[in-house]
Amino acid sequence: MEFRTVVDVPDPGFRIGPCADLLFVGSCFADHIGRRFQEEKFRVTVNPFGVMYNPASILHTVERLAAQSLSPEVAFLTLGTNHVYRLKETGEIVDNCQKRPQALFAEEVLSVDACADYLEQTVTLLRQMNPDMQIVLTVSPIRYRKYGYHGSQLSKASLLLASDQVCSRHPSVCYFPAYEIVNDELRDYRFYQADMLHPSDQTVEYIWQRLSETYLSDAALMFLKEWAPLKAVLNHKPFHPDSEEYRTLMDKTMLKVGELQKKYPNFAL
């Protein structure tokens with residue numbers, strides 16, 4: 001008998017190669033997955049101007065990146081909420097209130113169409129940076145208790161609908177179902193941190209596994225297999241770092257690292 005529902009991960013129509021250049025912008029869930037890619041030695045830029053929770057703030061990050069030479073192969077945009085804050089004095093949407101008094105800001109809930117419009121602008125800018133860039137949309141599974149749980153679900157629903165609109169207009173923009181995997185496949189509080197809102201490390205690892213098995217190329221999967229034992233040695237904290245045995249182990253490991261660098265030119269410690 002099958003005691004769980006497994007969420008289908010649609011084929012994105014492309015594959016990520018070993019040590020590829022990736023961009024992650026969005027909620028703190030983007031931070032978690034982006035760091036996981038960093039551990040596997042992909043060349044990753046993660047929220048260079050801080051965590052961005054809503055589609056407008058994600059656009060603001062990409063606008064700033066457009067003025068730089070950054071040109072990733074794949075961009076992951078992780079949407080957390082459709083709630084934004086406007087500075088009353090100027091009417092602009094701010095990305096961070098910077099601990100200023102709440103009275104200075106007005107909270108606003110973006111409509112589905114407004115969310116989709118911000119995402120459309122973001123896609124356009126990213127394609128200007130690199131016409132061949134692949135773009136992946138995903139919705140963070142982290143719930144927002146401050147909205148109330150019904151309000152949090154409404155927020156996520158708006159983001160899901162907006163993402164679907166953009167994906168339907170742009171066949172080369174795809175959606176990765178992180179939200180659905182956590183809520184429909186894992187569906188248990190043991191997969192959350194102590195606050196019962198944020199996914200646990202185990203959950204992040206599972207999302208990484210589901211993503212990698214569909215999104216990574218055969219060459220990238222082979223690289224991960226070759227890198228894994230070296231990563232384990234390099235991450236190990238020895239009891240006797242000055243011992244001859246440990247120095248010999250490290251010498252052998254660094255020789256293998258050098259071989260890996262020759263095989264994968266983009267690989268760097």
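Reader: Which residues in α8 do those in α7 meet?
Author: This is a predicted model, in which local features need pLDDT of at least 70 and side-chain atom pairs pLDDT 80 or more, while totals for chains, interfaces and linings use all residues. Residues are numbered from 1 along each chain as its sequence is written, and side-chain values use heavy atoms, without hydrogens or water. Helices (DSSP runs of H or I, at least four residues) and strands (E, at least two) are numbered from the N terminus, and contact means heavy atoms within 4.5 Å. From α7 come Phe223, Glu226, Trp227, Leu230, Val233 and Leu234, and their partners in α8 are Leu249, Met250, Thr253, Met254, Lys256, Val257, Leu260 and Lys263.

Reader: At what angle do α7 and α8 cross, and is α7 roughly parallel or antiparallel to α8?
Author: The axes (lines fitted to C-alpha atoms over the stretch in contact, with N-to-C angles from 0 to 180 degrees) of α7, residues 218–235, and α8, residues 244–263, come within 10 Å and cross at roughly 150 degrees.

Reader: What is the volume of the largest cavity?
Author: On a 1 Å grid over the protein atoms alone, a cavity is a set of points where a 1.4 Å probe fits but cannot get out; a pocket is an open set with protein on both sides within 12 Å along at least five of seven lines; lining residues have an atom within 4 Å of a point. Points are joined across faces, edges and corners, and volume is the space filled by probe spheres set on them. The whole structure holds one cavity of 30 Å³ or more. The largest cavity has a volume of about 70 Å³.

Reader: Which element gives the most to the lining of the largest cavity?
Author: The lining consists of Phe24, Phe29, Ala30, Ile33, Phe76, Thr78, Thr138, Phe176 and Leu211, with seven nonpolar, two polar and no charged residues. At least two residues each come from β3 (74–79) and α1 (28–39). With three residues, the top contributor is α1.

Reader: Which residues lie nearest the centre of the largest pocket?
Author: The largest pocket has a volume of about 570 Å³. Its lining divides into 15 nonpolar, eight polar and six charged residues, and β4 gives the most, with three. Of the 29 lining residues, those nearest the centre are Tyr53, Tyr85, Asp95, Asn96 and Lys146.

Conventions: Nonpolar A, V, L, I, M, F, W, Y, C, P; charged D, E, K, R; others polar.
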